[in-house]
Amino acid sequence: MPGTTSIDQSQRHSQSIDESTSSVEYMSRQAVIQIGVDALNEAGSDLICSICIKNGGSCCSGCSFLVDRVGCTNRNTSCTAWLCGFLKYLFYASGHLQEWEGFWRQVPGQGFREDRTPELFNVKKPLRIPNIRRLSEALANDLQELAAQRIAIGFIITLRDKIDKNIDQLNHCKNDPRKRSRIERNIKVLSSPFHHFQQELREYLLSNSSTCAT
Ligand code: SF4
Ligand code: SF4
């Protein structure tokens with residue numbers, strides 16, 4: 001989580017377990033935190049966080065583990081796994097949200113701003129998130145522009161929370177196609193001001209589908 005400095009934000013987030021780790025059955029708490037932090041860094045979360053923080057949206061705000069000029073003093077699995085509406089949308093739209101959630105479901109003991117994750121535990125599924133930094137860059141540009149337009153105080157933060165809520169709701173209606181399509185429409189409407197992102201996403205999805213086809 002966040003609320004700290006942009007450096008801290010980026011450290012909180014992201015790499016993917018590489019091929020060699022896919023057979024690993026036991027992993028340390030510290031290793032999964034690092035995997036998450038590296039993955040988010042590669043995904044470009046720092047770019048989005050810096051706009052969000054500038055606009056008062058830091059998710060570390062008020063946390064007792066946040067120390068001025070130091071950052072987070074309690075790196076934990078919970079805050080590493082947690083995604084806000086912007087990051088959730090980034091993974092959702094690019095098709096990597098299930099991968100992220102599936103990986104973190106294996107990690108026990110997650111709580112709020114701290115964890116009770118054991119030092120060693122079983123991990124069967126690796127985390128594979130490709131480099132989507134260009135998408136993050138585009139989303140950060142959109143957020144910057146929207147914030148500059150001053151449509152309303154805290155507009156982008158409200159947008160973040162609405163997107164978050166809608167994506168979460170999708171998980172609760174897996175067997176209800178009508179409700180799902182209604183929520184998907186909501187997400188489309190909410191994300192419609194992300195023009196740079198949508199353009200970059202089209203190119204990303206196109207290049208991915210042509211890679212798969214070859
Ligand atoms: S423990 Fe607090 S300061 Fe650290 S990442 Fe979580 S919310 Fe932020
Ligand atoms: S709410 Fe999201 S974008 Fe904002 S600082 Fe936290 S993780 Fe970054």
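Predicted model: local features only at pLDDT ≥ 70, side-chain atom pairs only at ≥ 80, totals over all residues.
Colleague: Let's start with the overall layout. How many helices and strands are there in the chain?

Modeller: The chain has 10 helices and 4 strands. From the N terminus on, the order is α-β-α-α-β-β-α-α-α-β-α-α-α-α. Of its 214 residues, 37% count as buried.

Colleague: And among contacts between residues at least 6 apart in sequence, what share joins residues at least 24 apart?

Modeller: That share is 80%.

Colleague: Where is Trp100, and what makes it buried or exposed?

Modeller: Trp100 sits in helix α6. Buried takes 20 or more other C-beta atoms within 10 Å, and Trp100 has 23, so it is buried. Leaving aside neighbours within four places in sequence, Trp100 is in contact with Phe91 and Ile129.

Colleague: What about His195: why is it called partly exposed?

Modeller: His195 has 13 C-beta neighbours inside 10 Å. Exposed would need 12 or fewer and buried 20 or more, so His195 counts as partly exposed. You'll find His195 in helix α10, residues 195-213. His195 and Leu139 are 56 residues apart in sequence, yet 8.4 Å apart in space, C-alpha to C-alpha.

Colleague: Now helix α2. How do you know that its length agrees with what a helix should span?

Modeller: Helix α2 covers residues 29-43, which is 15 residues. At 1.5 Å a residue they should span 21 Å, and the end C-alpha atoms are 21 Å apart, so the two agree.

Colleague: Which residues of α2 are buried, and what puts them on the same side?

Modeller: The buried ones in α2 are Arg29, Val32, Ile33, Ile35, Gly36, Ala39, Leu40 and Ala43. They cover an arc of only 160° around the axis, so they lie on the same side of α2. After α2 comes Gly44, with a positive phi near 90°.

Colleague: Which residues other than glycine have a positive phi?

Modeller: Arg69 is one of them, with phi near 65°, and Arg113 is another, with phi near 60°. Most residues other than glycine have a negative phi, so such cases get a mention. Arg69 lies in the loop between β2 (66-67) and β3 (71-72), whereas Arg113 is in the loop between α6 (97-105) and β4 (120-122).

Colleague: Why is Arg69 called exposed and Arg113 partly exposed?

Modeller: Exposed means 12 or fewer C-beta atoms within 10 Å; Arg69 has 6, so it is exposed. Arg113 has 18 such neighbours, so it counts as partly exposed.

Colleague: Last one: what makes α3 roughly parallel to α7?

Modeller: The axes of helix α3 (residues 45-54) and helix α7 (residues 133-149) come within 8 Å and cross at roughly 10°. Angles under 35 degrees count as roughly parallel, so α3 is roughly parallel to α7. From α3, the contact is made by Ser45, Leu47, Ile48 and Ile51. From α7 come Ser136, Glu137, Leu139, Ala140, Leu143, Gln144 and Ala147. The residues of this contact of α3 with α7 divide into 7 nonpolar, 3 polar and 1 charged.

How values were computed: Residues numbered from 1 in each chain as written. Chains lettered and ligands numbered in written order. Helix = DSSP H or I, 4+ residues; strand = E, 2+ residues; numbered from the N terminus. Expected span 1.5 Å × (residues − 1). Arc of directions from axis to C-beta. Contact = placed C-beta atoms within 7 Å. Axes fitted to C-alpha atoms, helices over the stretch in contact; angles between N-to-C directions. Parallel < 35°, antiparallel > 145°, perpendicular 65-115°, else oblique. Nonpolar A, V, L, I, M, F, W, Y, C, P; charged D, E, K, R; others polar.
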